[in-house]
Amino acid sequence: MSHVQLAVGEVVDATNWKVDLPESILESLSSESELEYPLIFALTSQTTKTHVGVRQFSAPESTITITTPIAQALGLSIGDIVKLKHTSLPKGSAVKLKTETALDWKPLLERWLPTNCTALTVGDTLMVSYLGQLHKAVVEELEPENAVCIIDTDLDLEIVGGNQQFDTLTGFEYDMPIALSEVPLTKETPDYLFVEATNGVLYVGPELATSRESFTYRITGTRELTASDLKKLGPSFSVCGYGMATLTLAAPAVESQEGSKLCPVCSKWVPEQSFILHTSFCQRNSIKCECGQVFSRQIPSDHWHCPVCSANGVGFEEAHLKEHEPSTCSCGFEDTFLNVAYHRASDCPERIILCRFCHLSVAQEIASAADKVLGITGHESHCGNRTADCHICGRPVRLRNMEAHMQQHDVQRRSRGTPVTCKNQNCVAIVKDESNALGLCSKCFGPLFSLDNDPDGSRLRARMERKYVLQLSTGCGKSWCTNQYCRTGTGIQRSFKDVLPIVKELLLMNAFYFCVDQIMAKKAMFVYEDGVYDRAWRSMAITQCSNETEAEEWLQTHAPKLGEAV
Ligand SMILES: [Zn+2]
Ligand SMILES: [Zn+2]
Ligand SMILES: [Zn+2]
Ligand SMILES: [Zn+2]
Ligand SMILES: [Zn+2]
Ligand SMILES: [Zn+2]
Ligand SMILES: [Zn+2]
Ligand SMILES: [Zn+2]
């Protein structure tokens with residue numbers, strides 16, 4: 001795809017670094033060969049250039065929909081022309097961001113970045129929304145290049161500027177009853193929450209996205225939210241509802257029931273020694289409604305029993321009845337107000353999800369029973385059926401199977417047997433067969449080979465002796481030689497008399513020190529103790545690949561690390 005010119009059709013008030021493009025762009029891309037996901041586009045205005053991801057292909061023809069931060073960064077307003085080009089970027093390894101506000105940036109950005117950005121470019125000014133406020137973060141440095149893709153990569157985050165201390169957040173207090181309202185109250189998501197909504201209903205959902213129609217949890221009575229429940233809410237969560245609720249960061253201690261008796265009137269556990277006193281007081285002062293709720297002295301006038309379900313309460317009867325009213329979802333699903341809200345939060349086909357394969361925000365569509373078992377949405381089911389070539393074996397693999405496929409490669413990698421290298425310490429060739437008893441590669445053994453009848457190997461030993469004597473006294477004369485047992489390699493001049501004892505020692509060793517040709521000498525420089533891979537694997541890598549960069553990559557995908565082999 002060459003450059004396309006588009007007019008800014010709309011600037012949406014969102015914080016992500018993504019654009020909406022016309023469908024025709026997707027069509028023209030689809031006609032190209034294998035598409036690489038996520039899709040990344042270079043976006044150029046008259047003043048600046050950046051790289052963006054795509055949210056949807058739904059913009060009117062010839063126009064582009066951008067978000068406020070992109071508009072600000074590129075100095076764009078509606079009607080301006082931008083140049084767009086499909087491109088691919090290397091995976092980012094590190095990013096340095098400059099901020100002004102005091103926030104716990106790292107955990108926030110670790111979640112915010114992959115959902116809101118596809119690519120980063122040095123100079124981008126991101127607007128990170130947190131607790132309803134926007135916080136500026138400028139991309140100062142990136143590795144390995146000035147523009148990188150940040151999807152499916154481990155980003156090393158460095159934050160400079162701003163105070164790294166966490167702000168005290170406004171919202172509600174823990175351990176204190178709060179009067180709930182339609183306006184959601186927000187807090188940083190804890191690891192555990194004990195919720196008590198004894199009178200009324202508490203809705204719990206992600207930050208600022210919680211309402212009676214949109215929530216993750218609806219709680220009446222008491223409920224424990226564990227770390228895995230709370231993880232679904234994101235870095236901060238909010239609550240709204242009606243009635244009163246108390247949120248506690250620890251489970252209330254279970255009252256000891258030993259030495260206690262259950263009061264038949266108020267259903268509370270009462271210490272045995274004060275039981276008689278309590279029950280007589282309770283009987284005189286309490287009144288139990290037919291529904292089981294106990295009130296002191298009299299039943300309040302706004303106490304109600306729902307005619308539809310088994311709920312009862314004090315006040316907020318209208319709010320409760322609303323949940324039974326019929327309602328229709330935008331997808332056509334009809335049920336009660338409450339069930340439609342549950343439906344929207346779960347299997348409404350129009351619910352927007354971030355697809356794990358194409359990384360676009362898309363409607364989740366309808367999941368089949370099999371998809372549900374796999375935990376993927378309807379969209380992801382067909383999106384994941386597209387194939388991409390495996391970067392290790394080159395075979396086409398369905399995106400949904402890629403993870404399992406990579407795991408297979410990993411098992412293969414770890415279970416590979418260590419290769420055998422040439423016994424010549426200056427040579428890194430791989431010995432595939434045992435054509436000679438010395439364990440040398442064919443190239444190193446070649447000069448020692450003879451068709452002579454040599455039953456006890458004495459002639460072979462004589463040839464080696466001659467070779468060593470020549471190496472140590474005269475040298476191989478090759479400028480690249482670094483052999484520690486060669487006159488050329490060491491530059492040490494030795495007399496014939498000095499050479500003989502060294503040769504004798506060499507012949508007793510189970511290793512050899514012969515000079516090698518220039519290509520092998522260069523390859524041998526790649527083989528050293530790196531503390532990660534066995535030398536034999538480094539030998540294998542440089543033998544298989546045409547240069548050191550390729551060999552390093554080959555090691556990562558093919559060689560087991562030290563201690564990793566199974
Ligand atoms: Zn009682
Ligand atoms: Zn009642
Ligand atoms: Zn009801
Ligand atoms: Zn729906
Ligand atoms: Zn998708
Ligand atoms: Zn593969
Ligand atoms: Zn060799
Ligand atoms: Zn030499």
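**View 1. Lys96 is buried, with a relative accessible area of 18%.** Buried here means under 20% relative accessible area, with exposed over 50% and partly exposed in between, for a 1.4 Å probe and protein chains only. The model is predicted, so that local features need pLDDT of at least 70 and side-chain atom pairs count only at pLDDT 80 or more, while totals for chains, interfaces and linings use all residues. Residues are numbered from 1 along each chain as its sequence is written, and side-chain values use heavy atoms, with hydrogens and water left out. Lys96 belongs to strand β7, residues 94–99, strands being DSSP runs of E of at least two residues and helices runs of H or I of at least four, numbered from the N terminus. Beyond its neighbours within four places in sequence, Lys96 is in contact (heavy atoms within 4.5 Å) with Val138, Val139, Glu140, Glu141, Glu158 and Val160.

**View 2. An open sheet of 4 strands has the order β9-β10-β7-β12, with mixed pairing.** Because β9 (125–130) and β12 (156–160) stand at the edges with a single partner strand each, one side of each is left without a neighbour in the sheet. Two strands pair if DSSP finds at least two bridges between them; β7 and β10 (residues 133–143) do so in the antiparallel sense over 6 bridges, and Ala94 has Glu143 in β10 as its bridge partner.

**View 3. The contact of helices α16 and α17 involves residues from both helices.** On the α16 side are Trp537, Arg538, Met540, Ala541, Ile542 and Gln544, and on the α17 side Glu548, Ala551, Glu552, Trp554 and Leu555.

Note on methods:
Chains lettered and ligands numbered in written order.
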